[in-house]
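Please keep the sequence and the model in view while going through the numbered points.

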Amino acid sequence: MSTPPSSGPTTPSRPRTGPDGVWTRLRSPPGLAWAAVLLACVASRLATAISYIEDPDSLRFALSVADEYNIDALQPHFPGYPVFWAAAKLSTTFLGSFSAAFALVGGLATAGLLWALLRLWGRSLRSVEGAVLTGLVVVNPLLWLMGTRYMPDLMGTAWALATLSVLVAALRVSPPTAARRWAIAGVAGAGLLAGLRLSYMPLIFLPVLVVLWRVERRGQQVLAGTVGVLVWLVPMTLDTGFWTLIDVAWGQTTGHFTEFGGTVQTAPDLSRRMVGMAQGLWADGLGGWWPGRHPLTVAVSLGVLGLGGLGGWQLWKKGLFRNRRAWLVLVSAGLYAVWIFFFQNVIHKSRHVLPLLPLLLLVVAAGGAALWRAPWTGRRALLLGLGGAYAAVTLVLVAQHMSPTAIAQAKTYVERRAAADESVRVASVPLINDYLRAQQVDARYLSIEDSSDVRRLQRAETGTTLVVGTYASLLDRAPTQVKRFYHNPYVNRMWPEVTVYVY
């Protein structure tokens, strides 16, 4: 005989809790959690979008979207970045503003980067690890700044890490049919990456080779990679012209390695390159202290060092560093580090460290999750305090980024002087002259690297001469006025101080 139901009051059962002590019934669905992250990434980047050209590199991409795509005219420079350009152009058409379009692409790339890291780590967004990593990625200073710049680096980083995570998945999953699907997707992603950020290819070069060696149906993978390349290479070739593209590719490639690329050949001081790379990762990337920075960055430094050490220890205890796939990622990161150390401008452009930065954030996030679960009182308040300092450093830099950089301020000054006086001459290096000329600053331009231009400048007796840059000894007379413009070098390391001499 069955027991009749009780007619008296019942005690509600306690909601089930997960391993983190979080009530599972109150957890949001995965789709809702990702929607919230996507909204936060896009809204924050749109709210902090910039409306000025902050340096010559950004100028080329801005002109390619706002004016026309023309590799021969360096809009943008080779290799053309057609995948990124297509995304920015489509966003511009949708939003009606190219500055907002770059911020939209940056916000989407930030969310995509978070997905890639969680996939690589094998953690859910709705875990403690996922929550800590989300905070570190969304509020990271360099990632946020690059998310609003007119540059393809952040989108390239997200795609490179996503491709890396897919390639690693191909080596991890079973059965073989699933591994083949992941392998095909990963190699196809590598082909697309070449049209998005070619200089990031060294990060995934080794994983592609390992996947081709280990996973069956290599022919299908090679075909997928070829299709990934043809998707962007064919339209770019048709638009530019085959022989024009060859000429531009040769000129820009040789120029990068021998003239203007900031490689070890043109900047051979290895100690400066080492310091520049360390500063890019530590100060620019993680918000750490560096001589001259605000004392708040000391708190960020202590937090990063402490959590990073704790995270490394936790990953070691769990055997991550005895995993072959983890070593594949570490060696790939090492190969990329060697590549940029010798063949990229790590002295003046911290953006080249971007693909390495998210991997460091994984280690810090592991430490943050371990601290959150620690048994002692006050550990969560400490973690939130460190997070507050980290966010404060980022928000200050982001707010400063919304104001023009030093060269952009100098451009406004020269433009105002040129509009008031048609006889104004501007003398500077070709890069600055091109930056001003491309923004329709109407003046006569003279290159200080051209001896005939320098002689014309020294013989000029009438009109106004503006010398942009630290070239006070160019003329044998004292300037009538000296204007100096500044920006925080941790916003953009390129030209944090620009001087204009008026004669």
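This is a predicted model: local features need pLDDT of at least 70, side-chain atom pairs count only at pLDDT 80 or more; totals for chains, interfaces and linings use all residues.

## Note on the model

1. Arg60 has a relative accessibility of 21% and therefore counts as partly exposed, since the buried class ends under 20%.

2. Arg437 is partly exposed at 41% relative accessibility, and Asp434 is partly exposed at 42%.

3. Which parts does the salt bridge between Glu497 and Arg484 tie together? The closest N and O atoms of this pair are 3.8 Å apart. Glu497 lies in strand 5 (residues 497-502) and Arg484 in strand 4 (residues 481-486), so the pair links parts that are 13 residues apart in sequence. Glu497 is partly exposed, with a relative accessible area of 44%, and Arg484 is partly exposed with a value of 44%.

4. Salt bridges that share partners join Asp57, Arg60, Asp153, Arg197, Lys349 and Arg351 into one network. The structure holds 15 salt bridges.

5. The chain as a whole deserves a separate point. The protein chain has 19 helices and five strands. Its radius of gyration is 26 Å, close to the 23 Å that the globule rule gives for 503 residues, so the chain is as compact as a globular protein of that length. Along the principal axes, the C-alpha atoms fill a box of roughly 115 × 55 × 45 Å.

6. How much of the chain is buried? Buried residues make up 52% of the 503 residues. The protein chain exposes about 23700 Å², of which carbon and sulfur atoms supply 64%. Among contacts between residues at least 6 apart in sequence, 70% join residues at least 24 apart.

7. Of its 17 residues, 13 are buried, so helix 15 is largely enclosed by the rest of the structure. From its first C-alpha to its last, helix 15 reaches 25 Å, close to the 24 Å expected at 1.5 Å a residue.

8. The surface also carries a nonpolar patch, formed by Leu270, Val338, Phe342 and Phe343. Together these residues have about 320 Å² of accessible area. Helix 14 (residues 324-343) gives the largest share of the patch, namely three residues. Leu270 lies in helix 12 (residues 270-286) and is partly exposed, with a relative accessible area of 41%.

9. The bond from Gln75 to Pro76 is cis, with omega near -5 degrees; Pro76 lies in the loop between helix 2 and helix 3 (82-95). The bond from Ser174 to Pro175 is cis as well, with omega near 5 degrees. Pro175 is placed in the loop between helix 7 (153-172) and helix 8 (176-193).

10. Where do Arg217 and Gln440 lie? Arg217 belongs to the loop between helix 9 (201-214) and helix 10 (218-240). Although Arg217 is not a glycine, it has a positive phi of about 65 degrees. At 47% relative accessibility, Arg217 counts as partly exposed. Gln440 is found in the loop between helix 18 and strand 2 (444-447). Phi of Gln440 is near 60 degrees, a positive value in a residue other than glycine. Gln440 is exposed, with a relative accessible area of 63%, because the exposed class begins over 50%.

Methods
Residues are numbered from 1 along each chain as its sequence is written. Side-chain values use heavy atoms; hydrogens and water are left out. Patches are made of residues with over 30% relative accessible area and no salt bridge: like charges are joined within 9 Å, nonpolar side chains (Val, Leu, Ile, Met, Phe, Trp, Tyr) within 5 Å. Accessible areas come from the Shrake-Rupley method with a 1.4 Å probe; for residues, only the protein chains shown count as cover. A salt bridge is a side-chain nitrogen of Lys or Arg within 4 Å of a carboxyl oxygen of Asp or Glu. Helices (H or I, at least four residues) and strands (E, at least two) are DSSP runs, numbered from the N terminus. Buried means under 20% relative accessible area, exposed over 50%, partly exposed in between (1.4 Å probe, protein chains only). The expected span of a helix is 1.5 Å times one less than its number of residues. The radius of gyration is taken over C-alpha atoms; the globule rule is 2.2 Å times the number of residues to the power 0.38. Contact means heavy atoms within 4.5 Å.
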